[in-house]
Amino acid sequence: MNVRSVHSKLRIYDEDTVILRETEQHPYMYKILAGSVALYINYGQKDEYLVGILGKSRVFGEIGLLCDKPNIYTAVANERTTLITIDERNLGDFIAGNHVETLNIMRNMANIIQALRANVSMLSMELMSDAELKESRRREINDKMQRYIRSSLFLNPPFFDQKN
């Protein structure tokens, strides 16, 4: 097995181990103590997309814990990685002891909302501005827009480590 539980909150993942999968429900958030984690959309598929690589002290998985929604990306240990597991029981302690990370989570979620809003506006304008679009193309774009809104599958690139 690639995951070793040191105690209830601390976990060690070997390189290339999937920590959480896109579209699956996962009630945890993680803080990286050592190593790094790669975040992908469509992991293992032809259209796989690397969203970002997170290093020490970064947090991921917040959508599942805070919103009780399926993951919007797959997280994979980029190397041997040690994580703290955060769930609803210890979330208050995490917030109290990690002000900077908590603020970064809030900023990232606000950026996601802004990006979604901008993209929905652009898609709406595209639907309205091109009178030449065939009806089937209009439906296709509209369906994509609706799936996009429902799944919140957009992350605001770059989602790579940044200095705090």
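Modeller: Gladly! Contact means heavy atoms within 4.5 Å. Leaving aside neighbours within four places in sequence, Ala-77 is in contact with Tyr-13, Asp-14, Glu-15, Asp-16, Thr-17, Ile-19 and Ser-36. This is a predicted model, where local features need pLDDT of at least 70, side-chain atom pairs count only at pLDDT 80 or more, and totals for chains, interfaces and linings use all residues. Residues are numbered from 1 along each chain as its sequence is written, and side-chain values use heavy atoms, with hydrogens and water left out.

Colleague: Is Ala-77 buried or exposed?

Modeller: Buried means under 20% relative accessible area, exposed over 50%, and partly exposed in between (1.4 Å probe, protein chains only). Ala-77 counts as buried because its relative accessibility is 1%.

Colleague: How are aromatic pairs described?

Modeller: A pair of aromatic rings is described by the distance of the centres and the angle of the planes. Here, rings of Phe, Tyr and Trp (its six-membered ring) pair if their centres lie within 6.5 Å; planes under 30 degrees apart count as stacked, over 60 as edge-to-face and the rest as tilted. That rule gives three aromatic pairs. One of them is tilted: Tyr-28 and Tyr-30, 6.5 Å centre to centre with 45 degrees between the planes. Tyr-28 is partly exposed at 27% relative accessibility, whereas Tyr-30 is buried at 1%.

Colleague: Which residues do ring pairs link into a cluster?

Modeller: Tyr-28, Tyr-30 and Phe-60.
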